[in-house]
Amino acid sequence: MADLLTDVDFDKFRKLIYDESGITFSDTNRSILDSRLKEMLREKQLASVDDYLKLVLSDKEEMKIMLDSVTTNLTRFFRNQPHFDALVNYVIPHVIENKKKTGDTTIRIWSAGCSTGEEPYTIAMILSDIIKPPYKFQIMASDISLKSLMVGQQGFYPEARITGIPQNYLDRFFTKTDKGYQATKELMGSIKFDYHNLRNDSGVRNLDVVFCRNVLIYFDEPAQKATIDRFYQAMAPNSYLFIGHSESLFGMETDFEFLKTDWACLYQKTSK
């Protein structure tokens, strides 16, 4: 096999990945796609890129595996602390205030693009501290990477990965083992991990909070807008959207309203 993808090969896979997931590979990150595809060819013991393309197109599970292999899963516990400060001090109090008017006692949260689970586990630890009866919370965590979801579902992290977790949370929500830290059943039970491609409608509705941080940067503008519009449809009135600190909806036609709190900037859905 050639050292690099040909331009034709690159265009074929770039289009396929975009059509299936909305993830955009440009010339600047072409080398990432090149190395991941060569790795898959070695794993499958295939002679050519075209052989692998035929396999992916004929097998939906193989398509998921391929999309998994080309995604980047960089995350950590309590990443971008100001977002969680805003969640605690602004968002949750306002969500509960609104729920008092409706009688609904469940706070619904989606961690979209959750990678290996550090974000939803962070949210679950925080909410376990501040949500009091009669209110309760549900967290849905999704990703396009099956390998990452498996890590999240198992709830086990090597010692190097638990950096950032406050000691009181670590003591309360994790059990130390010889090889790392295992999340408690209580913590794991508060999160439902599920495969989801943001290219599609999740089917979920009435969400109070959505976290989708550092995911939109992999999408081009049309895919970003389509994703944001689907979030809007999935969310309840007076709900809140967190995106990455380097991401913005500025210049996008959207019904979300920009919200600047004392802790962080986020977006709000106010209309029905």
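Predicted model: local features only at pLDDT ≥ 70, side-chain atom pairs only at ≥ 80, totals over all residues.
Q: What radius of gyration does the chain have, beside the value that the globule rule gives for 272 residues?
A: The chain holds ten helices and ten strands. For 272 residues the globule rule gives 19 Å, and the chain's own value is close to this, so the chain is as compact as a globular protein of that length. Its C-alpha trace spans about 60 × 50 × 30 Å along the principal axes, and the radius of gyration is 20 Å.

Q: What percentage of the residues in the chain is buried?
A: The accessible surface of the chain comes to about 13,700 Å², and 51% of that surface belongs to carbon and sulfur atoms. Taking buried to mean under 20% relative accessible area, the buried share of the 272 residues is 48%.

Q: Which strands stand at the edges of the open sheet of three strands?
A: The order in this sheet is β3-β5-β4, with antiparallel pairing. Each edge strand has a single partner strand, so one side of each is left without a neighbour in the sheet, and this applies to β3 (156–158) and β4 (174–176).

Q: Which residue in β5 is the bridge partner of Phe-156?
A: Strand β5 covers residues 180–183 and runs antiparallel to β3, to which three bridges join it. Within β5, the bridge partner of Phe-156 is Gln-182.

Notes:
Residues numbered from 1 in each chain as written. Heavy atoms only, no water. Pairing = 2+ DSSP bridges. Helix = DSSP H or I, 4+ residues; strand = E, 2+ residues; numbered from the N terminus. Rg over C-alpha atoms; globule rule 2.2 N^0.38 Å. Buried < 20%, exposed > 50% of the residue type's maximum accessible area, 1.4 Å probe, protein only. Areas by Shrake-Rupley, 256 points an atom, 1.4 Å probe, with all protein chains shown as cover.
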